Each structure stands twice: as C-alpha cells, then as structure tokens.
Amino acid sequence: MNKQIKVLVTGSNGQVGSELNALSHQYPALVFKFTDRSNMSITDPEAVESCFRDFEPDYCINCAAYTAVDKAEEAAAAVIATQINADAVELLARTCTAHNTKLVHISTDYVFDGTAHQPYRPDAATNPVSVYGATKLKGEQLAAAHTDAVIIRTAWVYSSFGKNFVKTMLRLMSERPAINVVSDQQGSPTYARDLAAAILDLVSKGKWVAGIYHYTNEGTTTWYDFAVAIKKLASSSCEVHPIPTSAFPTPAKRPSYSVLDKSSFKDTFHLNIPYWESSLKKCIEMMEVA
Ligand SMILES: NC(=O)c1ccc[n+]([C@@H]2O[C@H](COP(=O)([O-])OP(=O)(O)OC[C@H]3O[C@@H](n4cnc5c(N)ncnc54)[C@H](OP(=O)(O)O)[C@@H]3O)[C@@H](O)[C@H]2O)c1
C-alpha cells in the first residue's frame, strides 16, 4: 500500500486555505490537517511544535498571513504584520526542517515596485513599496534561509470565501447606480481555487524543486476591466467608470504594474493555468449556487 501523504494547512479559514479545504476530498491520497489561528497560531512556537510532533506532516502549506495591506501602514499593525508574515514564517521554516516537512509558502506581487514594463520573473529585483510587501519579502527570505521551500507569489486573489475585490464589486454594484474603479494598475487576477488546485497537484505529484515561483491566472487586466467583467457576468446595470489611482488615494502604495511571469512554475510542475475570465465566471457561478 502507498504511504499516505500528510498535509498540514495553516491559516485555513482564509481564501486560499478555505479553497484547499473545499478541494481536499478530491485528493484521496492526501491526509489533511486544517489549522487556524485558534488551534495553531503560527506565531506560537509551542502550538506549532506540538502540531508538527503530533501530525508529522510531509508538507506544510502556509496560507496564514497578515493581509490588511492598508492597515499595515500603521506602526502598531506593522509590528503584527512582521510577526505573522516574517517572524512566524522563520519559525515554520525551522520547524519544517526539524521535522523533515516540505514547506509551501505563499507570497505576493507586492514584493515588486511595479515599475517594470514586462512580466516579473521570479528572479527579478524586488523593491516593495508598502509595509505589507516588505514583511512578505522578509518572510520569503526567512523561509528560503531555513528550509528548502517552494515559495509561490500570487496576486489579486479572490474566492467565494472571505473578503475580496469580486465580492466588494458585486455588493457595490447591487447598492449603487455607478462606481469608479482605478484603471491604471495592471495585473492578473487569481481565483484562489485554481491556486489551491495547483498546490495540491504539485504536492500529490511529489515533484519538488525548491525555489520561488509565480502563479496567477493567465491573462492581464486592470482593476477597471476586471470590474467591467464582473458587471457583465452579474448582468448588473451599474455604471463602471475608470479613474486614475491618484483619484483613489490609499494608505499603502500599490505597484502600478504587477504582472507575474509564470513560465518557471508551468515548466517545472507541468501544470496548465486557466485564463482569468473563465475562472472569474466559475467563481461567480459558484457564488450564485451557494
Ligand atoms: N488576498 C490577496 O489578494 C493576495 C494577493 C497576493 C498574495 N496573497 C497571499 O496569499 C496568501 C493567502 O492569502 P488569502 O487571500 O487567503 O488571505 P486571507 O483570506 O486574509 O487569509 C489569511 C488567513 O491567515 C490567518 N491568520 C492570520 N494570522 C494568523 C496566525 N497568527 N496564525 C494562524 N492563522 C493566521 C487569518 O486568520 P484571521 O482572519 O483570524 O486573521 C486568515 O484566516 C497570503 O500569504 C497572502 O499574503 C494574497
């Protein structure tokens, strides 16, 4: 009989964690333990050690993160963001090495400053322009320093679970006759379910090449065009108007261009990535039946 592959998921109440949970029954060869802040805070060394000792995971998928990008610009929140996005990642990485566990860690396009004009490769120079981005970059560095991690940078994540741009747009479109959406930031949306499936395919195939990879859905858009696509799929009559970022100031600066080059992910793990429009349609259909 084949050995069961044990997979520990942290932060499993978030978007990506919830999608991993929703897909888990499709992977009978994998045995899962889903943890969240209440039963395994990744900042708690004793809770982390006890969980690894009891479960002895082959893989740890770290979905736990401080993701309040604007709040992280406040001094007190920045300290917490650093504890969760950087210090706790070092703890997880060290614990993975000690228990012979492979770490899949999720990071972000916000490690880049957005001044590029062509998709960022994983080895492109980083230069975060927000506190959140800086804490996530530190987390990547600590993960790589302490274990042979697969680090996956993603972007513009949405899901039928949690809070995200798609849900916010659907709500605003149902409440207002017109909305304004920034049209000068370019990137690629990511349906968290596709990312979760890619991670589970990677784990279940057992092909492991440590390093930094990029994963988003295929295709490029702007927040404005993303909103227009949501409007069409929801058959909303709300008007969507393009505005420049300067007309929608936020505490944290965002990269104006954060398209990620996914070639190394596709080449290494031999996985196809769906286009963002088809995945958006699937997610909205999923929300409609829920
Ligand atoms: N969302 C995006 O657009 C986006 C873009 C690029 C990259 N990413 C990255 O993708 C990953 C997953 O993001 P997501 O959208 O799924 O995030 P999310 O929905 O905000 O989920 C993060 C989860 O982490 C949990 N968490 C926070 N601190 C914790 C701790 N100390 N111990 C255990 N769990 C803790 C949160 O719980 P609480 O709710 O209790 O705090 C939450 O359930 C993160 O690494 C994020 O940085 C996200």
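Predicted model: local features only at pLDDT ≥ 70, side-chain atom pairs only at ≥ 80, totals over all residues.
**Entry 1: aromatic pairs.** I found 17 aromatic pairs in the structure; rings of Phe, Tyr and Trp (its six-membered ring) pair if their centres lie within 6.5 Å, and planes under 30 degrees apart count as stacked, over 60 as edge-to-face and the rest as tilted. In one of these pairs, the rings of tryptophan 156 and phenylalanine 226 have centres 6.4 Å apart and planes at 20°, so I recorded the pair as stacked. Tryptophan 156 lies in the loop between β5 (150-154) and β6 (157-158), whereas phenylalanine 226 is in helix α7, so this pair ties together parts that are 70 residues apart in sequence. Here helices (H or I, at least four residues) and strands (E, at least two) are DSSP runs, numbered from the N terminus. Tryptophan 156 and phenylalanine 226 are both buried.

I then turned to phenylalanine 226 with tryptophan 276, whose ring centres are 5.7 Å apart and whose planes stand at 85°, so this pair is edge-to-face. With phenylalanine 226 in helix α7 and tryptophan 276 in helix α9, the pair ties together parts that are 50 residues apart in sequence. I also wrote down one aromatic cluster, formed by Trp156, Tyr158, Phe165, Tyr191, Trp223, Phe226 and Trp276.

**Entry 2: the nonpolar cores.** Which residues touch the most other members of the largest nonpolar core? In this core of 34 residues they are Met169, Phe226, Ile230 and Leu280, and by a nonpolar core I mean a set of buried Ala, Val, Leu, Ile, Met, Phe, Trp, Tyr and Cys residues joined through side-chain atoms within 4.5 Å. The elements that give two or more residues to this core are α5 (165-175), β7 (178-182), α7 (223-233), β12 (239-243) and α9 (276-289), and α7 gives the most, with 7 residues. Not counting residues up to four places away in sequence, phenylalanine 226 touches Trp156, Tyr158, Phe165, Val166, Pro189, Thr221, Trp276 and Leu280, where contact means heavy atoms within 4.5 Å. I also found a second, separate core of 31 residues, which includes Tyr27, Phe32, Leu195 and Tyr213.

**Entry 3: helix α1.** I found that 7 of the 9 residues of helix α1 (residues 15-23) are buried, so this helix is largely enclosed by the rest of the structure. Among the buried residues of α1 are Gln15, Glu19 and Leu23. Leucine 23 has 5% relative accessibility and, leaving aside its neighbours within four places in sequence, is in contact with Arg193, Ala196, Ala197 and Leu200.

**Entry 4: salt bridges.** A search of the whole structure gave me 10 salt bridges, each being a side-chain nitrogen of Lys or Arg within 4 Å of a carboxyl oxygen of Asp or Glu. Arginine 254 and aspartate 70 meet in one of them, at 2.6 Å from N to O. Arginine 254 lies in the loop between β12 and α8 (263-269) and aspartate 70 in the loop between β3 (59-62) and α3 (75-98), so the pair ties together parts that are 184 residues apart in sequence. Arginine 254 is partly exposed at 23% relative accessibility, and aspartate 70 is partly exposed at 24%.

Arginine 94 and glutamate 90 meet in another salt bridge, at 2.9 Å from N to O, and they are 4 residues apart in helix α3, separated by about one helical turn. Glutamate 285 and lysine 281 also form a salt bridge, at 3.2 Å from N to O, and they too are 4 residues apart, in helix α9.

Technical notes. Residues numbered from 1 in each chain as written. Heavy atoms only, no water. Buried < 20%, exposed > 50% of the residue type's maximum accessible area, 1.4 Å probe, protein only.
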